[in-house]
Amino acid sequence: MIRDSAEAPLTSSATWQALAEHHAAIKDVHLRKLFVDDRKRAVRFTAEGAGIFLDYSKNRITGETVALLVKLAEERGLTEKRAAMFRGDKINVTERRAVLHTALRAPRDAVIEVDGRNVVPAVHAVLDRMADFSTRVRSGAWKGHTGKRIRNVVNIGIGGSHVGPEMAYLALRRYSDRNLRFRFIANVDGAAFTEATQDLDAAETLFIVSSKTFTTLETMSNADVARAWLINKLGDESAVAKHFAAVSTNAAGVRAFGIDTSNMFEFWDWVGGRYSLDSAIGLSTMLAVGPENFRAMLAGYYDMDVHFRTTPLDRNLPVLLGLLTVWYADFFGAETLAVLPYAQNLARFPAYLQQLQMESSGKCVDLTRRRVDYGTGPILWGEPGTDGQHSFYQLLHQGTHLVPADFIGFLEPMSPLAAPHDLLTANLFAQAEGLAFGKTAEEVAAEGVEAADVPYRVMEGNRPSNMLLAERLDPRTLGALIALYEHSVFVQGAVWGIGSFDQWGVELGKVLAEKIIGELRAADEPKLEHDSSTNALIHRYREHRARGH
C-alpha cells in the first residue's frame, strides 16, 4: 500500500539523518582521492539498460552513499508507488487522476485498467488512425483544398504539446521526410506566427491544433490566427476542413472550428501534457518520421519502462539519476542541474526536460499538505556541446556555484563526417574529466606560469557529473532517453513526497491574464483593481494604443 497522510516528515527519518552525517564526513573528499582509493571505481559505478550506458563514477559518492540513498527510496515507498503508477491507480491525488503515460507505449496485448476498463485497445486504435493519416499525408494521397499535396506541417500548441514535438522533430531530423517542412508555433506573440508562415503556400499547408479541451488560451488564439490566414489566402471557409487536424477530446469545439472530426485524434486525462509526446500529441513527429519510426520510439520508451520496473534499485538508471538529484539538491545545496547533450540534434532536449523537471518537482507542499523543509526540484538548464563550452562552462569550472551535470553522448555520428564526431566526443570526455579532477596549483606552476598568475588558472575540480552514452541517436534511443528522465522525476517525487503530476502554479498566470486581456482591450477606461504596479502598466499600454500605435 502507498503510505497515507500519516507518513512521517522526510527529514525526521533515521536514514535521512544518516545521510546528513555521511555527507558531513565525505563532503570535502575530492574525486581525485576517491579514484585513487578505489581503482575499480570506474567499473563499480556504472549501470546499463534500454541501450543506455551510465557512468556515474564522477559523483561525490561512495558505495555507502548509494546504499543509504537506496534505503531512503525504499523507506519512502518507491517500489509501491512505482507499482501503483504502472497499474493505473489515481496517484495524481490533487486532480484525482491516474498517471498512465506508460500505457501509451504498452504492447497491444497488455492490460492496464483505469476505472475497470482496459485502456490499451483505445491507445492502439488512436495510433492506428494516426498511422493511416500520416501515411496519406506523406504519400500525397491527402490533398488540400485546391488539390495540391501537403508540403508544410505547422504544429500549434503550448507547453508539452509544443516543446515535445519540436524537440523530437529536431532530434530525429535524420529520419524525417525531407519533402515536408515542419514549423512549430506556441508563443502568442504575433511574430511567432508571421515568421513561421511567411514563406509557406497556404494551399500546401496543414495545421495541427493540439489542445485537449480545445480552449487553451494561447493555442486557440494562434489557431484562430491560422484559420483567418488560411481563409484569406484561399478565399473559402470550407478550406479549413482540408488544412487542419486536431489533437483534442472536444469534438464539439473541433467541429465548430471547421475541422472534420474524422481528423481529430484523442488522448486522455491520465496523460499529462509534459508526458504526452508519445500520444496523439506526437502526430507531427509521426508525420515527419513515419509510423514505423514513431513505433520504434515507443519501443524505446517501453524498453526503459521495463528496465525501471524490473531492475534492482542500485542498478536502475532512473533510480540512480533521481537519487543523485536528491543527494545534490538536499545535501550539497545545489540549486541547478545542467543537461549537456553533445549532439546538435538534441538542441531542444534541455528545454524539453525543463518542463518535465520543473513543472513536476517545483513544489513546496508535500502530499500531506505540509510545507517542505528541504529542497525540491532543481532548476534544469543546458545547451548542446560544444556550443556551451564557449558560453557558460567557465562558471562550471571556476564559478562559486556547484552545478551537477548530465553529459549525453553517442558513439556514432549523425552525419557522414566522422572526423568532426571524433572531435565532438573528445570534448565530451574532456569536459567531464576536467570538471572532476581540475588542475592543481602545482600542475599550473609546472607549466611555467608565473607565480602571480597561478591562482587564476587553478581549477579546483570536484564538480560532479554523469555520463550517458548510447550507440546512436535514433528513434528507439530517443524514446528511452525521454523515459529515463520521466522516471527519474518520478523517483524524486516519491522521495520528496510531492505531487509530481499537477501544475497548479501554471494556472494562476492564466487566470490573471484572462482578466487583464479584457482590461487592455476595453473601449472605456476600465476600473482597475490590481496592485499599483500592474495598474500603472495597464494604463501605459492603453495610452500607447490610444495614440494609434
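**Notes on the model**

1. Leaving aside its neighbours within four places in sequence, T65 is in contact with L19, H22, I26 and W327, where contact means heavy atoms within 4.5 Å. T65 belongs to helix α4 (residues 63-75), helices being DSSP runs of H or I of at least four residues and strands runs of E of at least two, numbered from the N terminus. At 0% relative accessibility T65 counts as buried, the classes being buried under 20% relative accessible area, exposed over 50% and partly exposed in between, with a 1.4 Å probe and protein chains only. A polar atom of the T65 side chain lies 2.8 Å from the backbone nitrogen of T62.

2. On the basis of these notes: this is a predicted model, in which local features need pLDDT of at least 70 and side-chain atom pairs count only at pLDDT 80 or more, while totals for chains, interfaces and linings use all residues. Residues are numbered from 1 along each chain as its sequence is written, and side-chain values use heavy atoms, with hydrogens and water left out.

3. The structure holds 27 aromatic pairs, a pair being rings of Phe, Tyr and Trp (its six-membered ring) with centres within 6.5 Å, stacked if the planes are under 30 degrees apart, edge-to-face if over 60 and tilted for the rest. One of them is the tilted pair of F86 and F308, at 6.3 Å centre to centre and with 45° between the planes. Because F86 lies in helix α5 (residues 78-87) and F308 in helix α13 (residues 291-310), this pair ties together parts that are 222 residues apart in sequence. F86 is buried at 8% relative accessible area, and F308 is likewise buried, at 0%.

4. F349 and Y352 form a stacked pair, with 6.4 Å between centres and 15° between planes; both lie in helix α15, 3 residues apart, which is about one turn of the helix. Y352, in α15 (residues 349-361), is buried at 2% relative accessibility, and F349 is buried with a relative accessible area of 0%. Beyond its neighbours within four places in sequence, Y352 is in contact with V163, G164, M167, R274, L277, Y301, I482 and E486.

5. The ring of F308 also has a charge over it, since the charged end of R82 sits 5.5 Å from its centre, by the criterion that NZ of Lys or CZ of Arg is within 6 Å of the ring centre and within 35 degrees of the ring normal. K242 lies over the face of W142, at 5.5 Å from the ring centre.

6. Two packed helices are described by the angle between their axes and the distance between the axes. Helix α6 (residues 120-139) packs with α13 at an angle of about 145°, the axes being 10 Å apart; axes are lines fitted to C-alpha atoms, for helices over the stretch in contact, and angles run from 0 to 180 degrees between N-to-C directions. The contact is made by H124, L127, D128, M130, A131, S134 and T135 of α6 together with P291, F294, R295 and L298 of α13.

7. Which backbone values deserve a second look? Most residues other than glycine have a negative phi, and most peptide bonds are trans. R96, however, has a positive phi of about 55° although it is not a glycine, and R96 is exposed at 65% relative accessibility. A cis peptide bond joins G385 and T386, with omega about 10°.

Notes: A polar contact is a pair of N or O atoms within 3.5 Å; within protein, one must be able to donate a hydrogen and the other to accept it, and residues adjacent in sequence count only if both atoms are side-chain atoms.
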